[in-house]
Amino acid sequence: MTSTNEIHAVIEEQAAAIRAGDADAVVARYAPEIVAFTLAPPLAHDAAEMRDPDNLRGWFAGFDGPVDYEVRDLRATVGGELAFAHSLNRMSALPAGHDEPFTLWFRSTVCLRRHDGRWLIAHQHQSTPFHMDGTFAAALDLEP
């Protein structure tokens with residue numbers, strides 16, 4: 001398997017673990033020094049927060065049923081022991097206590113490094129665009 005294929009496999013494993021609600025599997029691919037800029041506040045999440053599966057379990061508990069998660073247009077570039085990948089991702093779920101599910105497309109960039117022969121996620125950045133028309137509202141209605 002080429003390094004690019006390995007990176008694709010890591011990203012797809014993460015998506016499958018999210019769909020399965022498997023917090024332990026999600027955090028297992030995080031590097032010891034991971035930093036993440038996710039869709040949820042605060043502005044940055046440190047390694048202790050990201051690597052704690054109980055934090056992710058709490059997030060999963062905020063939904064009635066599973067979280068559907070799709071990775072689309074994934075591109076990866078590998079150079080030695082470092083790699084980065086970017087994609088458009090879709091998340092769909094039913095928030096606890098709500099009648100209607102939501103679907104959100106967002107951008108994702110992931111940086112990985114080899115650690116003991118395995119690719120681990122060292123940096124994760126997710127974002128949604130916002131309207132530059134003066135409203136500054138998140139553009140949650142976009143689809144690829």
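**Exercise 1. In this predicted model, find which element supplies the largest share of the lining of the largest pocket, and describe that lining.**

Solution. Strand S3 supplies the largest share of the lining of the largest pocket, namely five residues. By residue class, the lining divides into 21 nonpolar, 10 polar and two charged residues, and the space in the pocket comes to about 710 Å³.

**Exercise 2. Work out how Asp24, Asp54 and Arg57 are linked.**

Solution. Begin with Asp24, which forms a salt bridge with Arg57, their closest N and O atoms being 2.7 Å apart. This pair links distant parts of the chain, since Asp24 belongs to helix H2 and Arg57 to helix H4, 33 residues apart. Turn next to Asp54, which also forms a salt bridge with Arg57, here with the closest N and O atoms 2.6 Å apart; Asp54 and Arg57 are three residues apart in helix H4, so about one helical turn separates them. Taken together, Asp24, Asp54 and Arg57 are linked in a network of salt bridges.

**Exercise 3. Decide whether Asp68 and Arg90, which meet in a salt bridge, are buried or partly exposed.**

Solution. The side chains of Asp68 and Arg90 meet at 2.9 Å, N to O. Asp68 has a relative accessible area of 33% and is therefore partly exposed, whereas Arg90, at 16%, is buried, because buried means under 20%.

Notes. Residues are numbered from 1 along each chain as its sequence is written. This is a predicted model: local features need pLDDT of at least 70, side-chain atom pairs count only at pLDDT 80 or more; totals for chains, interfaces and linings use all residues. Side-chain values use heavy atoms; hydrogens and water are left out. On a 1 Å grid over the protein atoms alone, a cavity is a set of points where a 1.4 Å probe fits but cannot get out, and a pocket is an open set with protein on both sides within 12 Å along at least five of seven lines; lining residues have an atom within 4 Å of a point. Grid points are joined across faces, edges and corners, and a volume is the space filled by probe spheres set on the points. Helices (H or I, at least four residues) and strands (E, at least two) are DSSP runs, numbered from the N terminus. Ala, Val, Leu, Ile, Met, Phe, Trp, Tyr, Cys and Pro count as nonpolar, Asp, Glu, Lys and Arg as charged, and the others, Gly among them, as polar. A salt bridge is a side-chain nitrogen of Lys or Arg within 4 Å of a carboxyl oxygen of Asp or Glu. Buried means under 20% relative accessible area, exposed over 50%, partly exposed in between (1.4 Å probe, protein chains only).
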